[in-house]
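Here is a walk through one protein model, starting with a single residue and moving out from there. Have a look at the structure first.

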Amino acid sequence: MGTWDSGPFDNDTAADWCGELDRADPGDRPALIRNALGAAADEEGYLDSDLACEAIAAAAVVAARLPTGQAINSAYAPDFLRSGDRLGLPHDLPTLAVRALDRIMAEDSEWHGLWNDASTDDNPAFDMVGSLRKTLSASPESGSD
């Protein structure tokens, strides 16, 4: 995995996924987001880092669309989002995104292991996931804390 920073779009896998999302027909985008989140949330075995990176990017897209979410301004995010295009998302996606992030932070997640090994006291990647989770959990649709 080529990673250049700790943001949700700051690695090759997430950037590639964002390119797919950007090129997709607007009506297909919610399904691509759901698929990325579901692949991570529903993985019962060892969670591959690529699935985690795609799910984190998808969770960031969902979080940005919430009232308390932060705008996406990463150069690696889908262009249509940075230009302010609307993206109608189903109301259950924040809950699925929280489940995906929880799965990514589990011990049997390659992404978790890589960032755990790469960090000492301060872990900006874990902080980023925690911030996304907090935003997603605050959504009335998430039904979570």
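Leaving aside neighbours within four places in sequence, S6 is in contact with W115, P124, A125 and M128, where contact means heavy atoms within 4.5 Å. S6 lies in the segment before α1; helices here are DSSP runs (H or I, at least four residues), numbered from the N terminus. With a relative accessible area of 13%, S6 is buried. Buried means under 20% relative accessible area, exposed over 50% and partly exposed in between, using a 1.4 Å probe and protein chains only.

A word on the source: this is a predicted model, so local features need pLDDT of at least 70, side-chain atom pairs count only at pLDDT 80 or more, and totals for chains, interfaces and linings use all residues. Residues are numbered from 1 along each chain as its sequence is written, and side-chain values use heavy atoms, with hydrogens and water left out.

Now for the core. The largest nonpolar core has 45 residues, and W17, I33, L37, V61, I104, W111 and L136 have the most contacts inside it. Such a core is a set of buried Ala, Val, Leu, Ile, Met, Phe, Trp, Tyr and Cys residues joined through side-chain atoms within 4.5 Å. Helices that each supply at least two residues of this core include α1 (12-23), α3 (49-64) and α7 (124-137). The largest share, 12 residues, comes from α3. As for W111, the residues it touches include L47, C53, I56, I104 and F126, not counting those up to four places away in sequence.

How do α3 and α7 pack? Their axes are 10 Å apart, at an angle of about 40 degrees. The axes are lines fitted to C-alpha atoms over the stretch in contact, and angles run from 0 to 180 degrees between N-to-C directions. That makes α3 oblique to α7: under 35 degrees is roughly parallel, over 145 roughly antiparallel, 65 to 115 roughly perpendicular, and the rest oblique. I56, A59, A60, V62 and A63 of α3 meet M128, V129, L132, T135 and L136 of α7.

What about disulfides? A search of the whole structure finds zero, counting pairs of cysteine sulfur atoms within 2.5 Å. Here are two cysteines that are in none:
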